[in-house]
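Work through the exercises below with the sequence and the 3D structure at hand. Try each task before reading its solution.

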Amino acid sequence: MEEKGFGTEELIVNMGPQHPSTHGVLRLLLTLDGEKVVDCEVIIGYLHRGVEKLAENRDYKQNIILTDRLDYLASMTNNLAYVQAVEKLMDVKVPERAEYIRVTVAELQRIASHLVWLGTHAMDIGAMTVFLYCFREREEILNLFEMLCGARLTYNYMRIGGVSCDLPDDFAGKAYKFVEKFPKLIDEYEVLLTKNRIWLDRTVGVGVISGEDGIDLGLSGPNIRGSGVEWDVRKAEPYSIYDRFNFQIPVGEKGDTYDRYLVRMEEMRQSNNIVKQALEQLPEGEIMAKVPRIIKPPKGEVYHSIEAPKGELGFYIVSDGTSTSPYRLKIRPPSFVNLESFKKMIKGHLVADVIAIIGTLDIVLGEVDR
Amino acid sequence: MEGIVRDVIIALIKIAIVLGGVALGVAYSTYLERKVAGWIQVRFGPMRVGPHGLLQPIADGLKLFIKEDIMPRQADKLIFYLSPVICLVPAFAVLAVIPWGPDFYITDLNIGLLYIFAVASLGIFGIVMAGWASNSKYPMLGGLRSAAQMVSYEVSLGLSVIGALIFAESLSMVGIVEKQMTTGVWFVFLQPVGFVIYFICGLAETNRLPFDLPEAEQELVAGFHTEYSAMKFAFFFLAEYTNMIVVSSIATTVFLGGWGSPFAFLGIEFPRSLGIVKSVLDFGMPIFWFLLKVFLLMFFMIWVRWTFPRYRYDQLMNIGWKVLLPFAILNIIFSGLEFTLYEELDWYLFYPLAWLIMGVMVVFGFRLIKNFDQFSYSKMREEGIE
């Protein structure tokens with residue numbers, strides 16, 4: 001901006017790493033012209049723990065707990081992606097019952113993760129009450145998980161070849177009860193937000209990204225579906241037993257924050273549906289496949305990705321065939337890749353939109369920095 | 001001479017009671033806020049200090065009092081010290097003309113309402129100075145936001161009460177209430193549009209959600225008071241809640257019949273046989289009604305805060321200048337017409353007609369704004385302005 005007369009300067013504001021709404025330790029260097037964001041630099045790495053390198057010195061089983069700590073709001077799906085990758089490498093066939101349990105917990109985890117997203121996103125935009133409502137329901141899911149494996153955040157529940165323990169006796173009943181009442185609770189959130197004039201003003205037309213741009217930048221998950229691209233790994237390359245369930249993939253049209261909001265709301269309903277179907281069809285049987293005690297996959301490499309709550313989560317594993325730990329483990333974290341689009345979305349918007357867009361991207365810094 | 005001394009003493013007592021009462025009220029309005037928030041959000045709110053957390057405000061006050069007072073090294077010391085005071089003093093000064101009851105007010109200025117608007121707007125200086133003196137970026141953004149916001153909403157705020165003033169034929173706060181008592185109708189029924197505009201602007205003036213941009217927690221950390229701690233912060237906090245009380249009190253006085261009882265039309269009076277009890281009731285009940293109305297308005301403000309998201313800066317400005325201001329001006333024009341009708345017609349003709357015209361005005365106003373918006377956007381696009 002060149003101006004005559006009074007000179008105006010651009011203001012550089014450092015947002016983060018400690019800021020109430022950067023969802024962790026994200027740092028943004030914003031160049032502001034008044035309230036308008038002219039330029040933005042995203043600085044990450046404040047939570048880097050070297051997970052990928054650590055994995056090279058641990059054996060395959062021990063690595064499961066590392067995946068818990070990637071996206072700590074969705075540990076179950078991280079577990080799932082990793083163990084499935086190793087199973088693919090070793091060609092293990094997982095028992096029916098274990099598959100159903102996996103799908104059940106993965107979808108419950110998706111609901112829990114989306115609830116955290118909705119709560120924090122709404123709170124960033126100023127609607128604080130939604131946050132507490134969301135956490136009320138998330139609490140119930142966490143209680144279910146606690147029944148299942150004793151942990152509430154980092155579950156370490158999946159095993160290579162199955163799951164660590166069978167469902168407790170009353171789990172299915174309690175989960176079913178939750179599933180029955182949950183759609184009504186989603187309606188409750190929607191009453192507060194969906195048609196709210198202020199919410200519309202704040203989200204419609206904010207952070208628009210087209211489908212093509214999204215694909216170019218590797219956007220995945222609900223973010224790309226908000227732009228009208230029907231890409232969901234569960235449907236596109238069905239893993240586990242997702243081809244047996246009846247569910248739809250919601251897509252948006254304009255690719256703005258509001259569409260992504262609607263997509264995620266609908267996804268919660270669909271996930272709820274899947275959990276219901278899985279609980280109804282749950283077969284009896286083993287929960288672990290016959291897997292050698294010491295896991296030593298054959299020489300080779302594998303890439304496997306699943307639809308995590310935040311997007312496409314992939315694990316690329318190279319095995320040299322002689323070691324009990326992976327030769328190389330590469331993670332494709334959805335949050336990190338999705339964050340690439342931030343710069344494109346924010347250009348020309350106002351400061352207040354920065355947090356709306358961070359919220360809508362649904363990033364978790366544990367996954368961005370690894 | 002003796003008369004003067006007596007007057008001064010009485011005035012001092014009144015001031016002490018009002019200041020003490022309001023200070024306590026402010027403390028407990030924070031308690032109210034937290035309890036109502038808890039109630040809305042399916043939780044308890046403060047429960048630990050005293051029964052049902054009733055001593056919580058006092059504990060908070062104590063904590064703020066003994067906390068370390070931190071000042072940024074680069075701050076402008078004098079202004080940094082001064083701004084919380086500048087923020088707080090006008091908020092309290094306004095209380096001088098608020099009529100709590102027929103015989104209970106500190107003073108009755110014949111330009112009461114003007115005095116309130118004049119003094120209350122001084123509070124903005126405190127915020128702007130705080131933002132500037134902190135010498136830090138977030139507070140500066142917060143301070144500038146608040147300057148722009150308050151200046152824009154002050155205009156509509158002032159214009160929104162003019163309709164009611166036409167009917168009151170007075171600027172004195174007591175006069176306004178007495179007019180409502182004698183005519184027997186609260187101005188909110190004559191001036192609903194004015195009341196709505198006033199209340200929205202009031203929310204903006206007190207920096208409350210959905211207009212709490214100067215301190216938008218999630219964007220600007222804490223806005224203009226980011227760098228303030230301990231008592232200096234408490235001053236801003238006090239000022240905010242005092243402003244809430246003031247805004248509610250003005251709304252009560254101007255639109256909701258002040259100390260008048262909502263059952264006044266029944267014409268019930270306390271029997272003379274009660275003796276001293278009667279005089280206590282005659283003195284106390286109006287104050288009770290006044291405080292009840294203020295309480296309900298404050299409850300409404302709190303309710304709004306915990307329900308709605310926050311507006312964005314540009315949207316806030318749009319609402320202020322493009323919606324509220326035109327409506328406030330339209331409302332003044334309408335009020336002139338309404339007053340003429342009011343003088344000429346019987347009530348059963350007047351009310352349907354007045355409300356009909358009002359409805360038409362609102363619909364017409366929204367149409368006009370929408371069309372104008374589209375027109376200006378298309379013009380902007382033609383000229384290639386962003």
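A salt bridge is a side-chain nitrogen of Lys or Arg within 4 Å of a carboxyl oxygen of Asp or Glu. The model used here is predicted.

**Exercise 1. Salt bridges**

Task: State how many salt bridges the whole structure holds over all chains, and decide whether Glu139(A) and Arg152(A) meet in one.

Solution: 
- Over all chains, a search of the whole structure gives 35 salt bridges.
- The side chains of Glu139(A) and Arg152(A) come to 2.8 Å, N to O. The cut-off is 4 Å, and the pair is a salt bridge.
- Glu139(A) belongs to helix α5 (residues 128–149) of chain A, while Arg152(A) is in the loop between α5 and β4 (158–159), so the bridge ties together parts 13 residues apart in sequence.
- Glu139(A) has 35% relative accessibility and counts as partly exposed. Arg152(A), at 28%, also counts as partly exposed.

**Exercise 2. A bridge between distant parts**

Task: Find which helices of chain B are linked by Arg305(B) and Glu33(B), and say whether these residues are buried or exposed.

Solution: 
- A salt bridge of 3.5 Å, N to O, joins the side chains of Arg305(B) and Glu33(B).
- Arg305(B) lies in helix α13 (residues 276–305) and Glu33(B) in helix α1, and the two are 272 residues apart.
- Both Arg305(B) and Glu33(B) are buried.
- For another bridge in chain B, take Asp314(B) and Arg312(B), which meet at 2.9 Å, N to O. Here Asp314(B) is partly exposed, with a relative accessible area of 28%, whereas Arg312(B) is buried at 10%.

**Exercise 3. Classify a ring pair**

Task: Decide whether the rings of Phe167(B) and Phe187(B) are stacked, edge-to-face or tilted.

Solution: 
- The structure has 29 aromatic pairs over all chains.
- In the pair Phe167(B) and Phe187(B), the ring centres are 6.2 Å apart and the planes make an angle of 40°.
- Planes under 30 degrees apart count as stacked, those over 60 as edge-to-face, and the rest as tilted. The pair is therefore tilted.
- Phe167(B) sits in helix α7 (residues 162–168) and Phe187(B) in helix α9 (residues 187–190) of chain B, so parts 20 residues apart in sequence are tied together.
- Both of these Phe residues, Phe167(B) and Phe187(B), are buried.

**Exercise 4. An annotated site**

Solution: 
- Glu52(A) is part of helix α1 (residues 51–55) of chain A. With 13% relative accessibility, Glu52(A) counts as buried.

Methods:
Residues numbered from 1 in each chain as written. Chains lettered and ligands numbered in written order. Predicted model: local features only at pLDDT ≥ 70, side-chain atom pairs only at ≥ 80, totals over all residues. Heavy atoms only, no water. Phe/Tyr/Trp six-rings, centres within 6.5 Å; stacked < 30°, edge-to-face > 60°. Helix = DSSP H or I, 4+ residues; strand = E, 2+ residues; numbered from the N terminus. Buried < 20%, exposed > 50% of the residue type's maximum accessible area, 1.4 Å probe, protein only.
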